Number of protein chains: 2
Amino acid sequence: MTTPSDRRPGTGDIVLSVDAMGGDKGPAAVVAGLKLFLDGEPDARVLLHGRAAELEPEIARRGIGGAVTIVDAAEVVSMDDKPAQVMRRGKGTSMWSAIDAVRDGRAQACVSCGNTGALMAVSMLRLRKLDGVDRPAIAALWPSRSPAGFNVVLDMGADIRADEQDLLAYALMGASYARNGLGIERPRVGLLNVGTEEHKGRAELKVAHEIIGRVAPKGGYDYIGFVEGSDLPSDRVDVIVTDGFTGNVALKTGEGTARLVIDQLRAALTSTPLAAAGAFLARGALRRLQERIDPRRVNGGVFLGLAGTVIKSHGSSDETGVAAALGLAYRLAGLGFAERLAARVASAAALAQDAASGGPMPPQGDEDAR
Amino acid sequence: MTTPSDRRPGTGDIVLSVDAMGGDKGPAAVVAGLKLFLDGEPDARVLLHGRAAELEPEIARRGIGGAVTIVDAAEVVSMDDKPAQVMRRGKGTSMWSAIDAVRDGRAQACVSCGNTGALMAVSMLRLRKLDGVDRPAIAALWPSRSPAGFNVVLDMGADIRADEQDLLAYALMGASYARNGLGIERPRVGLLNVGTEEHKGRAELKVAHEIIGRVAPKGGYDYIGFVEGSDLPSDRVDVIVTDGFTGNVALKTGEGTARLVIDQLRAALTSTPLAAAGAFLARGALRRLQERIDPRRVNGGVFLGLAGTVIKSHGSSDETGVAAALGLAYRLAGLGFAERLAARVASAAALAQDAASGGPMPPQGDEDAR
């Protein structure tokens, strides 16, 4: 196993692998985001995968040729391609090429705006799953009242099923992500259910409730028990664990609802001349609000459970969104997150079996303590 | 079976049965809501169930004794009571008494702010389930971009499971509710999933997708296929069908997210003197916005699938919320909704079995056409 190296942001040792194709807005938006990111992190190095003939003029125009190396890949995964097709025939695509750079150790993290299902399928094919992980997960940052400003929610849709062992793995991985990505030393983990009473919910949730609680000391998190949908933006929990079906519906419902409220606010503030005048006076505060709740700012679902860091940027990401995803990848790569997570899950995997069978609990480790 | 009577709003023939106890804010909030409702509907008649000694002075103080008859009930179902306990020992409670008034035909609809689980359990015990319904559902109105301003979402948490036949029943009942409650002649029904592609999602969803589509002509709705979480507030669908686990998480996630955005808006508009001045100028528009997205305005989950109309008002309802729930109950009672729904489901029940087994499809009926 690789060990956390001495790679640190600002030393020029960190290389990101970026899929330039496949997003809704095309490679120009990715390169624009890359420029924005490199303005803030001039020491970062980037492998940019895609059609060289299209990418070269964009790179030259932005003046970022010093930090960026183009890796030519002729084919593109479209949003409509089925994951199984891409697994069979996707070898020449920019997505495949971007993931292989992480697999081969040429880069420490991969970022793509492409088709989520295909990205997860190729990631699972080319980067093996970690020991102790049966189903990898996608973790999202959810705007919240917590001091960090965000809660971690997983799985957001890597798999529509999750049994109790999967949910335990999500708890361990989500806690590790909160520790490394958000700097929360001892994250509070909650299990999503329809009520906080212990007698409620599906059978597998009752078993998971038991196991996640028993593994907490070794997992380096505090287990606060069941939480509800209303807790996703709350400050009583840092990591919310659920299956990918429920997580995906919750994410999209939350996004859709926030967008509805914001659109109605915009309509209200242009409905009368007086309202428009008021909006003009308050424009600074309203812009800061918009930035605070802007989903592009926290763009990037992190794939957890694979031997390598892969970040899915939103398909419709513009340069702000792409830059945010690159910033997250850079931070995680600098922390050696992939190695820390692997160590944490490996040591907890055997333990989980013990917990499931009611065996003894060794003392707490600190594999990914900071 | 009872038939739709000639009871109509404004004729004094409609009687609502109201549980005065069990809400977080106590009977004073319920009576205040009752006053607000009766101001707009002076012909309505109300049976108010609870402790007469507490209720009498409230009724007298509000001057609504002419429309309200108190039904004394000494006991109260608390928010912590387990449904099974209430089913065994709840006979003397105001909740039980309120439901029995519908059972006995003394009232046409019941409203309670109490414990949801207990209210559903007692409703199922005292009002029988409709033919063709295995699992009753709770339907909520969700703020949306649709012309009606709301979409119907069910099940919001009556049961955490739902198989394909349950999902079909939800489609039929949700469409009937949209027709009668929102005046949408031919509602568009969608099935909640993690993607709109047919190959995605859980096995029971694929079967339900098939059945709900085949029953559409007889059910009086248009089936638009799979929808996603982002469609809950959209204008491409009127009725969203899902299991009670997913529906409950989605509802609470949406509520929590909307509340976060509104709180942050409020904070932004008091953050600087200039912003506060702008908010003052725009106060009319902002107040209208607040009213538009105020969850109290659409307060009331309707229990569907029982021989009688029962509406669950939010536990923390204040007078505005209680009045909204009473208004909904009054409208549905005036339309003979319980009878229309029963007729629709009964005629579709046999059909559903046919659909499941691939049998022929009789021509469309109009049992609850308006």
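Let's start with helix H8 of chain A and helix H8 of chain B. Their axes come within 8 Å and cross at roughly 35°. Axes here are lines fitted to C-alpha atoms, for helices over the stretch in contact, and angles run from 0 to 180 degrees between N-to-C directions. Helices (H or I, at least four residues) and strands (E, at least two) are DSSP runs, numbered from the N terminus. The crossing of H8(A) and H8(B) is right-handed. That word applies if the near helix is turned clockwise from the far one, and left-handed applies if it is turned anticlockwise by less than a right angle.

Which residues make this contact? From H8(A), they include A:Phe245, A:Val249, A:Thr253, A:Gly254 and A:Ile262. From H8(B), they include B:Phe245, B:Val249, B:Thr253, B:Gly254 and B:Ile262. Contact means heavy atoms within 4.5 Å. By class, there are 14 nonpolar, eight polar and no charged residues. Ala, Val, Leu, Ile, Met, Phe, Trp, Tyr, Cys and Pro count as nonpolar; Asp, Glu, Lys and Arg as charged; the others, Gly among them, as polar.

A word on the source. This is a predicted model, where local features need pLDDT of at least 70, side-chain atom pairs count only at pLDDT 80 or more, and totals for chains, interfaces and linings use all residues. Residues are numbered from 1 along each chain as its sequence is written, chains are lettered from A and ligands numbered from 1 in the order in which they are written, and side-chain values use heavy atoms, with hydrogens and water left out.

Now the whole interface. On chain A, 54 residues are in contact with 54 residues of chain B. Together the chains bury about 4,600 Å², 70% of it on carbon and sulfur atoms. Buried area is the accessible area (1.4 Å probe) that two parts lose on being put together, summed over both.

How many salt bridges run between chain A and chain B? Six. A salt bridge is a side-chain nitrogen of Lys or Arg within 4 Å of a carboxyl oxygen of Asp or Glu. Over all chains, the structure has 33. One of the bridges pairs A:Arg202 with B:Asp243, with the closest N and O atoms 3.3 Å apart. A:Arg202 sits in the loop between strand E7 and helix H7 of chain A, and B:Asp243 in the loop between strand E9 and helix H8 of chain B, so the pair joins two chains. B:Arg202 also bridges to A:Asp243, again with 3.3 Å between the closest N and O atoms.

Which elements of chain A give two or more residues to the side touching chain B? Strand E5 and helices H8, H9 and H10. H8(A) gives the most, with 20 residues. That side of chain A divides into 27 nonpolar, 17 polar and 10 charged residues.

Next, a pair within chain B. The axes of helix H4 (94-103) and helix H5 (116-126) come within 10 Å and cross at roughly 35°. That crossing is right-handed. Among the residues in contact are B:Trp96 and B:Ile99 of H4(B), and B:Leu119 and B:Val122 of H5(B).

Last, the cis peptide bonds. One runs from A:Leu154 to A:Asp155, with omega near 5°. A:Asp155 is in the loop between strand E6 and helix H6 of chain A. In chain B, a cis bond joins B:Leu154 and B:Asp155, with omega about 0°.
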